[in-house]
Structures are given as C-alpha cells and as structure tokens.
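Hello,

Here is the structure I promised to hand over. Please open it first, then read my notes below.

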Amino acid sequence: MDENGPPDTTSTQTLPSRQTLPWWQTAVVYQIYPRSFADSNFDGVGDLEGVRSRLDYLQWLGVDAIWLSPVFRSPMADFGYDVSDFCDIDPVFGSIADMDALIADCHGRGIKLMLDWVPNHTSIEHPWFIESRTDRTNPKADWYVWRDQPANNWLASLNTGQSAWQWDDARGQYYLRLFLQQQPDLDWDNPDVEAAMLDTLRFWLDRGIDGFRMDVIHLIGKELDRNDPDSAAVKQHGHVPYNDVPVTHERIRAIRRTLDSYDGDRASVGEVYLLDEAKMAEYYGDHDELHLSFNFSFLWLPWNASKLRAKINSTLAHLEPRGAWPTWVLSNHDVPRHRQRYGGSEEAARIAAVMLLTLPGTPFVYQGEELGLVDAVIPDDRVVDPGGRDGCRAPIPWDAEPDHGWPRGAWLPFVDAADHRNVGTLLQETDSILHLYRDLLHARRANAELHSGTFQMDDRDDDVIVYRRTVADRTAVVVLNLGDSPVTIDGLAGGSILVSTLPRDLLALADGVVPANSAIVAHPA
Ligand code: NOJ
C-alpha cells in the first residue's frame, strides 16, 4: 500500500483522487484519547506505546489519520489540557523517543498523526506562569491576563458558576482563566506569547507531526471590556460572543503561515466552539486561516431526520461559498457518546455511522464509537473529571477477558457492555458495527464520489434522509431511514449496495426498498 492507501477503483481519469487532493480532505480522522486507549506498561493509564501496539487494528479499520488528545507534560488537572511543557511528553504517556517511534510507525503505514495543541491557556505549573505570578515586573509578568479587579462578569467553563477571574495571593491580583483555576489564560496580546507559542508548533513540525487539533482556538483573542450578555444558554457552555473578535483571525493567519512554511500539507483543525455556523465558517478565512474547523452541530441535535437534514443543508450552505471543507463529528471526549444521546439503539448508531462517513467533508471518529459504545456508569467514588465527562472517556475494552486488555485495571471503569462490546468479540462477528465502520472506511477509499463527490440532498419531509454523491459519471445514493416503516427509493431497484447497516445476507436492492431503521449506500442500476 502506498502512502495514500489503495488507489481509487474508479476508472475515469478526471476523478479527484486521494493522491491529488490534500490528505486532510480525503482522510477519516480517528480521535485517540490516550489515557483510555491502550496501556503498554500496565499502570492503568494508556500511553504512546499502547497506541503504537494497536496500529495494526487502526490500519485494519482503515483510518487515514490519528488525532491524539494532549500528551504533553501536565499535572493533569484537566487530563492534559493543562500543559506545563508544550515540548515534552508527560511521563505517564512515555517519552519523546516514544513519540518519534509512533510518528515513524504511523508514517510507515501511511497514517498521518496530529497532536492536540492548547494555545489559550497553560497549566498553573508551566514555568511561564510560575514566573509570571512572582511579581508585576518579572520578564513574564505580561504573559498572562492580570488585573487588579475582575475586568468583566465572565464565568469559567467546566465548573459552572465560578468567576473566570481568579485571585492570586502571590501577585496580589486576579488572573483570567476561562476553564479551571489551574488553567490560566495566556495573553496573546503580548507578541512574545504569540512567538513562543508558534515555536511550540515548530518543535513538533520539525519532528514530522502532520498537523494539530487546536483547542478552543477561537478564544485566543478577547475583548475584556465586554460583559457577558445575560443568556443562560451561552453561559452554560462558556462560549460567548465576546470570544469571537477580529484579532483572533490575524493570529490564526500567523499560525497558518507557520504550518504552510513546512513541506507536506501540515494541517490544522480548530476547535471553534461557536454553534453559529456563519461565525464558525469565518475561521477558515480566505484559505489562509484554519484548514478545517470542527462543526459540532450534531452534538446538540436530537435523532430526528428533519432536524439533521436541515442542519446538514445549512452547514454546507455556509461553508460552500468560501470553498471551506466541512467536518463532521458525532462524539468526542467532552460529551456523552452519540449512541447514548440518540436513544441507545444499535440501529441508530449504525445509521449515524453511515451518515458521518458519507457526508461531504472530513469525518472525525472518536475511539470506541466503532464498537457502538455508550458511556460508562461512573460511581461517585471513581469520579475524576471536574467537568463531569468521565463516562465518555471509559477505557477501550480490547477483549472479552475480565480485564479487557488492561491487566492491572484502568483509571476509569469500563462500559457495562464490555463483555460483548469489545474489539476481540466484534472482530469475530462479521455483521458487527465494527465491521460496518470498516466497510464504510474502505468504501470511502475505493470510491471517489464518497470522499470528494458533489453533494445533493433530496427534498423530503419524512423520516428518511436521502442524498447523492457524484463524481464524473458515478453517483452513490445514501439512504438513511430513521423511520419505523420501509421506504421505496426511486431509481434504486436493481442497484448494487456498497455498504449497509443490515446483516450481509439481507443485502439486496431488487425492489429498491430500504427497510425501517436502516441505511444503505448504493450505486443505482
Ligand atoms: C476543550 C477540550 O476539548 C476540553 O476537554 C478541555 O477541557 C477544554 N478545551 C479546555 O482546554
């Protein structure tokens, strides 16, 4: 297999191919939350060697790129999103040598590797902050946002209700922290901060990293003199209009120039947590800001065909005029898993997988969704995350043994269904959701229309979402039947099914009927 995986099996010369498009457009990105992925030294916390030991699995699944949630040195108040050294690996995850080995092994398999860069804040234990808090005149005195009085009424995220202004005895001032008190915000108005942070990108780019997921990137510009509008909805997520300001775009352009100064399509995907799609779209700039921006719209929608259809249409309508490449996300380490959110049924999880992996744009798969996991139940005495997100971070069950591949236990409990929903068991079941994910990933690779075809949504108002992906003379039809009745789709009779949520022996499209609660991807007759 070459760097880009198997060639498209489509024949026409003019087809866009995985060889000519930038990798971040055709890739399926798999999010690894390293603490919970695979544990090589049996200390109960996953690590880089654990990831490396499971690359065979990821290659079998067919992922093109991995995004690793933070592995930098950290006291772990926010499990790595509080960084005390951006240029070192936390010992719990391994060493720089382990990272170099992982980069080499990924690249040897044609898999890209992205790191999670946390530019808005550091840990309270970062040497920059330790110095900054000593007095008001030290060389790092202005690297964080210090004030004699809270400059506004902003509230911190995660543990809701607390002021974002934290009193510091040592300096006799307040510092801004939009997240935990252990996560002071950097002051990006200071050019030295920007320069130092760009250096941290270069450190990893020099080592061969293919790109970065950029944590709450929309927060690196702020207008401190604006108060929080009194809206419960925005307060709940801590993401408010004053965090969307013009200077942020300038800073993102500098970040983009840094990435572009390297060979090989180094990419950014920004966590722009603005649910306003028009605003989110602006962070792509004019092809000079983010390569990709997360689109979190599915995280907040119910499992409802009309709402999903409308959101897909409106998202694309905002992105297309800019030539901005969409992204799609169903689950991540911050929200309850989508199978749970969508009512818990296996059918919904399967249909959602077909949707995620056939929409135009770059899909992000969160580790364990290919097993159809829901969240783990976390007893009170095992709660570790101050933000209440432990359930979706449960360790991956690798097999049906009592320890599920974590011989000395794991830092969080397993999901209840781990005896069945584990990698080893679902690998044996060829009709499992795990095989469905694999089928979808391989179908995307082999059929250009699925990774880069045009998109056309059928105009309907029922429980069925139908869209068509076309490249040259090839069209794939995707039917997502969320309803409780079978549906007949015009033009599908006699077509050939590429992938379906149904057991393989039920696959037939002789009459063009798609059963209730199922999805298919097909080539019409
Ligand atoms: C967003 C990350 O996804 C989340 O896990 C983290 O707590 C906050 N940013 C703060 O870094």
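A search of the whole structure turns up 0 disulfides. Keep in mind that this is a predicted model. A disulfide would need the sulfur atoms within 2.5 Å. Cys106 is buried, at 0% relative accessibility. Cys392 also counts as buried, at 2%.

**The ligand**

Next, the ligand. How many residues surround the ligand? There are 14, and the closest are Asp78, His121, Asp215, His333 and Asp334. By type, this shell divides into 7 charged, 4 nonpolar and 3 polar residues.

Asp334 places a polar side-chain atom 2.5 Å from a ligand oxygen. For His121, a polar side-chain atom lies 2.9 Å from an oxygen atom of the ligand. His333 has a side-chain N or O atom at 2.9 Å from a ligand oxygen. How much of the ligand does the protein cover? On its own the ligand has 300 Å² of accessible area, and the protein covers 97% of that.

**Asp116**

Now go to strand 5, residues 112–117, where you will find Asp116. Is Asp116 buried or exposed? It is buried, with a relative accessible area of 1%; the cut-off for buried is under 20%. Its side chain makes a polar contact with the side chain of Tyr81 at 2.6 Å. Another polar contact joins the side chains of Asp116 and Trp67, at 3.0 Å. Leaving out residues up to four places away in sequence, Asp116 touches Trp67, Leu68, Ser69, Pro70, Phe72, Tyr81, Arg213 and Asp215.

**Trp204**

Trp204 sits in helix 6, residues 191–206. At 0% relative accessibility, Trp204 is buried. What does its side chain reach at 2.8 Å? The backbone oxygen of Phe86. Beyond four places in sequence, the residues that Trp204 touches include Phe72, Cys87, Met99, Leu115 and Phe212. Two of these names have come up already. Trp204 and Asp100 are 104 residues apart in sequence, yet their C-alpha atoms are 10.0 Å apart in space.

**Ser132**

Ser132 belongs to helix 5, residues 127–132. Ser132 is buried too, with a relative accessible area of 0%. Among its contacts beyond four places in sequence are Asn138, Lys140, Trp143, Trp146 and Arg171.

Finally, two spots in the backbone. Val216 has a positive phi of about 30 degrees, although it is not a glycine. Where is Val216? Look in the loop between strand 9 (211–214) and helix 7 (232–237). Val216 is buried, at 3% relative accessibility. Ala472, likewise not a glycine, has a positive phi of about 50 degrees. Ala472 lies in the loop from strand 15 (464–471) to strand 16 (474–481).

Then move on to Asp116 and its polar contacts with Trp67 and Tyr81.

Best wishes

Conventions:
Residues are numbered from 1 along each chain as its sequence is written. This is a predicted model: local features need pLDDT of at least 70, side-chain atom pairs count only at pLDDT 80 or more; totals for chains, interfaces and linings use all residues. Side-chain values use heavy atoms; hydrogens and water are left out. A residue is near a molecule or strand if one of its heavy atoms lies within 4 Å of it. A polar contact is a pair of N or O atoms within 3.5 Å; within protein, one must be able to donate a hydrogen and the other to accept it, and residues adjacent in sequence count only if both atoms are side-chain atoms. Accessible areas come from the Shrake-Rupley method with a 1.4 Å probe; for residues, only the protein chains shown count as cover. Ala, Val, Leu, Ile, Met, Phe, Trp, Tyr, Cys and Pro count as nonpolar, Asp, Glu, Lys and Arg as charged, and the others, Gly among them, as polar. Helices (H or I, at least four residues) and strands (E, at least two) are DSSP runs, numbered from the N terminus. Buried means under 20% relative accessible area, exposed over 50%, partly exposed in between (1.4 Å probe, protein chains only). Contact means heavy atoms within 4.5 Å.
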